[in-house]
Amino acid sequence: MSDIAIALAIHVLAIVLWIGGVAMVTTILLPAVRRLKSPAERVAFFDAIERRFAWQARATSLIAGISGFYLVYRMNLGAMFGAPAFWWLDAMLLVWLIFTLMLFIAEPLFLHKWFAARALRAPASTFDLIQRMHWVLLILSLIAVFGAVAGVNGLTFFS
Ligand code: HEM
């Protein structure tokens, strides 16, 4: 039983660092870059700063994924994926899959190059796109956190 408590604590710690970082980047860093830098400088400047956070996000999403799958296995929750009352389980998995694909596959393989090339052609709209993508990911993440905590503690959204 205590292994479940420890895995849950590790899971939540990883989520705090990871989604907290996404919130910081979205609500503070990106608006500051927009205010302080010219459109032509924004993407490269943001890229230089965010690179460090990308490693933190990779490590914490990996820990969140491992602890999350361990919890599913130990709590026998596998059959609950797809059940409306447990939509928050699907939401967590979806958010994790999107970030994992972005951080481990799309970013290193092509997304980074694609953004850099697009920023040369259309700097202002590329920065807007980066900012919009961060908002979408942050909102999805917050929905997953809200759903998980409320769902685990007995709030039923759908029966
Ligand atoms: C592979 C991905 C993930 C899996 C398999 C997973 C699985 C789980 C499981 C099984 C629990 C315990 C549920 C319970 O106590 O009944 C849990 C808790 C939690 N998860 Fe995830 N999770 C994943 C990713 C995420 C993500 C991406 C977030 C946030 C965006 C998240 C946020 C939370 C939170 C806040 C809790 C604590 C709920 C509470 O105890 O009040 N998880 N997760």
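Which helices do the buried residues of α3 pack against? In this predicted model, local features need pLDDT of at least 70 and side-chain atom pairs count only at pLDDT 80 or more, while totals for chains, interfaces and linings use all residues. Residues are numbered from 1 along each chain as its sequence is written.

The buried residues of α3 pack against α2 and α4, where contact means C-beta atoms, placed from the backbone, within 7 Å. Helices are DSSP runs (H or I, at least four residues), numbered from the N terminus. Buried in α3 are Trp-88, Leu-89, Met-92, Val-95, Trp-96, Phe-99 and Ala-119, with 20 or more other C-beta atoms within 10 Å of a residue's own counting as buried. Trp-96 touches Ser-61, Ala-64, Gly-65 and Gly-68, leaving aside residues up to four places away in sequence.

Turning to the core, the largest nonpolar core has 13 residues, of which Ile-15, Trp-18, Ala-64, Met-92, Val-95 and Trp-96 touch the most other members. Such a core is a set of buried Ala, Val, Leu, Ile, Met, Phe, Trp, Tyr and Cys residues joined through C-beta atoms within 7 Å. The largest share of this core, six residues, comes from α3. A second, separate core of six residues includes Val-33, Val-43, Phe-127 and Ile-130.

Methods
A residue is buried if 20 or more other C-beta atoms lie within 10 Å of its own, exposed if 12 or fewer, and partly exposed in between; C-beta atoms are placed from the backbone. Helices (H or I, at least four residues) and strands (E, at least two) are DSSP runs, numbered from the N terminus. Two residues are in contact if their C-beta atoms, placed from the backbone, lie within 7 Å.
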